[in-house]
Amino acid sequence: MSLDSVTTTIDDAISDFFDPVATTVGDIVFYTVPVGGTELPLIVAWLVIAGLVFTGWFGLIQARKLKLAFDVVRGKYDEEGSPGEVNHFQALTAAVSGTVGLGNIAGVAVAVSIGGPGATFWMILCGLLGMATKFVEVTLGVKYREEHTDGTVSGGPMHYLPKGLADRFGSGGARLGKVLAVLASVMILFFGLFGGNLFQTNQSYAQIASTFGGEGGFLASSAGAVLFGLVVAALVGLVLLGGIRSIASVTSRLVPAMAVMYIVACLIVILTNITAVPDAFGSIIEGAFQADGVAGGVIGALIVGFQRAAFSNEAGIGSAPIAHSAVKTKHPASEGLVALLEPFIDTVVICTMTALTIVIAAPASWDEARSGENIGGVTITSDAFETVLPWFPNLLTVAVLLFAFSTILTWGYYGLKAWTYLFGRSRTSELVFKSVWSVFVIAGSLLSLDSLISLADSALFLLSVFNIVGLYLLAPVVRRELNSFLEFVRRRNAGGPVAAGHAEDGPRATEAL
C-alpha cells in the first residue's frame, strides 16, 4: 500500500469520525441570526461589541495614545532591570507573526468577493475597534504573568483569568477563574496543534508543490511531502528549543521583512494603476453604504468585513497576551499600548493593502468569484499581482511559506505555555510537547484533517466568550495600570523621579497626557 493511499485512508477515517462533532460544535459557536437579508455570526458581533465597549471605556485610546505606543516600541521608556525576556519590538513582532498569515492573503480576497469592495471599509473599522480590545487583554497578560526563577515568564488568559478574578472577587472568583483557565489552555493547545500548526504546514506545502512541482513533480509526491515536512519540522524545532528569546529573534527580522516585501508589491500594483485609485476608493466607500449585488447589500458587506477583521487580528481571543507577556517592563499598560498596534498592522495596513490591490487590479478571477464561481482566495490575490508582476506567484509562494513558518513558531510558543499550564513546567514535559509539535508539522504535509481544523476554529473562538467576559470584569484593573503608566511617562518627560505613579495619581496623569 502506497503512502498516498495510507494518508487518504487516515484522512477519510478521521473526517468520518469527527465531521458530525465539528459540524455540531461549529453550528453552536458560529450560530447566525438573519440580519438585513444575510446571516450574522453572533461570535463576530460579540468581538465587535467588545471593541466598541473598550473604545468608549478608554476614551478612544487607539487614537489618543497611538504616538505614545510607537514611542514605547522604539524603547523611549525602557528601564534597566525590568523583568521579562524580550523587548517591546520583539514582543510585538512575535505576536504579529501569529496573526499575519494566509488569512491576510486569501481571506481578504474571499471577503471582497462575497461582500464586494465595501467590505474593505468595514474591515478597517473593525480593525480599529479591535485595537482597544487588544490593549485591554495584553495589559492584563503582563499584569498577572508568572515570573519563573530562571528568568522566563508565562502569561495569557490561563494566568490572568484566575489571578485577576481572585483579586477582584475573592475565593469565588478564584474558583471560576481556575475553570476558565483550564478551558482556555485546552482550547489554545487544540487550536495550536491543528490550526496554528497542521493547517499552516498543509497549506504552505500545497502552495509550494503547486508552484514549483506541478502534478508530476517530485514535490507533489508523497516522498516530496515527507521531505518538506521534515525540513520545516527541523527548522521549527531548532527555534522552539531556544524559547521566546529565539522565536522573538527570528520574528523580529522575519515579520518586518515579510511585511515590507508584501506592502512594496502591493504598492507596485497600485502605482502602476494609479489612475484607477480614485475609482477604487470610490467603490469601497460606495459599497460600504450602498452595496448592490452582494449578499445582504450594505449589511452583507459590513458583516463580511467585520468577520474578516475579527478572524484575522484575533483581538479578544486571548492568544496574543501569551507572547506579549514575555516583554521586559515594569508597567503592564506599556505593553498594552504596544499591542494595540497589532490589529493596526495586521488589519488596517496589510489586509487593506491586499483588498486595495485586488479592487484596483480587478483580475478576471475576482469577477468570476463575485458571480458565484468557486475561486480560491490565494488564486485571486495571485492573479491581481500577476497583472503587473508576472513573476509574482513565485514570490507569493515565498511569502506564504514565511507567513506559515512564523505562525507555526508563534503558535508553538502559545501551545507550549498552554501545555505547561496543564501538565507542569518540567524539562521532560516541555520536550514532550516540542516533539509532538514537530510530529504535527510533518503530518501537516501529508494530512488535511479538515474536520479537526474546523473544530479547532470553533475552540479558538469559543475561548473569546470566556476571555472577553473576564476582560469586562477586569477592566477597572486595566484603567489603574494605564493611569500608573501615564504618570510614569509624565514624570519621565518632565525629568523628575521615574517611579510609577499610584492609582490615585491616575486622573491627573490622564489629564496631563
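Modeller: The axes of helix α4 (residues 66–73) and helix α14 (residues 332–339) come within 8 Å of each other and cross at roughly 110°. Axes here are lines fitted to C-alpha atoms, for helices over the stretch in contact, and angles run from 0 to 180 degrees between N-to-C directions. The model is a predicted one, in which local features need pLDDT of at least 70 and side-chain atom pairs count only at pLDDT 80 or more, while totals for chains, interfaces and linings use all residues. Residues are numbered from 1 along each chain as its sequence is written, and side-chain values use heavy atoms, without hydrogens and water.

Biologist: Why are α4 and α14 called roughly perpendicular?

Modeller: Angles of 65 to 115 degrees count as roughly perpendicular, under 35 as roughly parallel, over 145 as roughly antiparallel, and the rest as oblique. The crossing of α4 and α14 is roughly 110°, so the two helices are roughly perpendicular to each other. Leu68, Ala69, Val72 and Val73 of α4 make the contact with Ser334, Leu337 and Val338 of α14, where contact means heavy atoms within 4.5 Å.

Biologist: How do the residues of the contact of α4 with α14 divide?

Modeller: Six are nonpolar, one is polar and none is charged. Nonpolar covers Ala, Val, Leu, Ile, Met, Phe, Trp, Tyr, Cys and Pro; charged covers Asp, Glu, Lys and Arg; the others, Gly among them, are polar.

Biologist: Which residues of α17 and α18 meet?

Modeller: Val378, Ser382, Phe385 and Glu386 in α17 meet Phe392, Pro393 and Leu396 in α18. They divide into five nonpolar, one polar and one charged.

Biologist: Why are α9 and α18 called oblique?

Modeller: The axes of α9 (residues 222–241) and α18 come within 10 Å and cross at roughly 50°. This value again belongs to the remaining angles, and α9 and α18 are therefore oblique to each other. Their crossing is right-handed. On α9 the contact is made by Phe228, Val232, Leu235, Val236, Val239 and Leu240, and on α18 by Leu401, Phe405, Ile408, Leu409, Gly412 and Tyr413. Eleven of these residues are nonpolar, one is polar and none is charged.

Biologist: How do you know whether Ala475 is buried or exposed?

Modeller: Buried means under 20% relative accessible area, exposed over 50%, and partly exposed in between, with a 1.4 Å probe and protein chains only. Ala475 has 0%, so it is buried. Ala475 is in helix α20 (residues 450–494) and touches Phe54, Trp57 and Phe58, leaving aside residues up to four places away in sequence. Its C-alpha atom is 7.1 Å from that of Val136, 339 residues apart along the chain.

Biologist: What makes Phe17 exposed?

Modeller: Its relative accessibility is 59%, and Phe17 therefore counts as exposed. Phe17 is found in helix α1. Phe17 and Ser451 are 434 residues apart in sequence, and 8.9 Å apart from C-alpha to C-alpha.

Biologist: Why is Pro20 called partly exposed?

Modeller: Pro20 has a relative accessible area of 48%, which lies in the middle band, so it is partly exposed. Pro20 is placed in helix α1 (residues 3–29).

Biologist: What is the phi of Leu60, and where is Leu60 placed?

Modeller: Phi of Leu60 is near 55°, a positive value in a residue other than glycine. Leu60 is in the loop between α2 (42–57) and α3 (61–64), and at 45% relative accessible area it is partly exposed. Ala362, also not a glycine, has a positive phi of about 45°. Ala362 is in the loop between α15 (341–361) and α16 (364–370), and at 35% it counts as partly exposed.

Definitions and conventions:
Helix = DSSP H or I, 4+ residues; strand = E, 2+ residues; numbered from the N terminus. Left-handed = near helix turned anticlockwise from the far one by under 90°.
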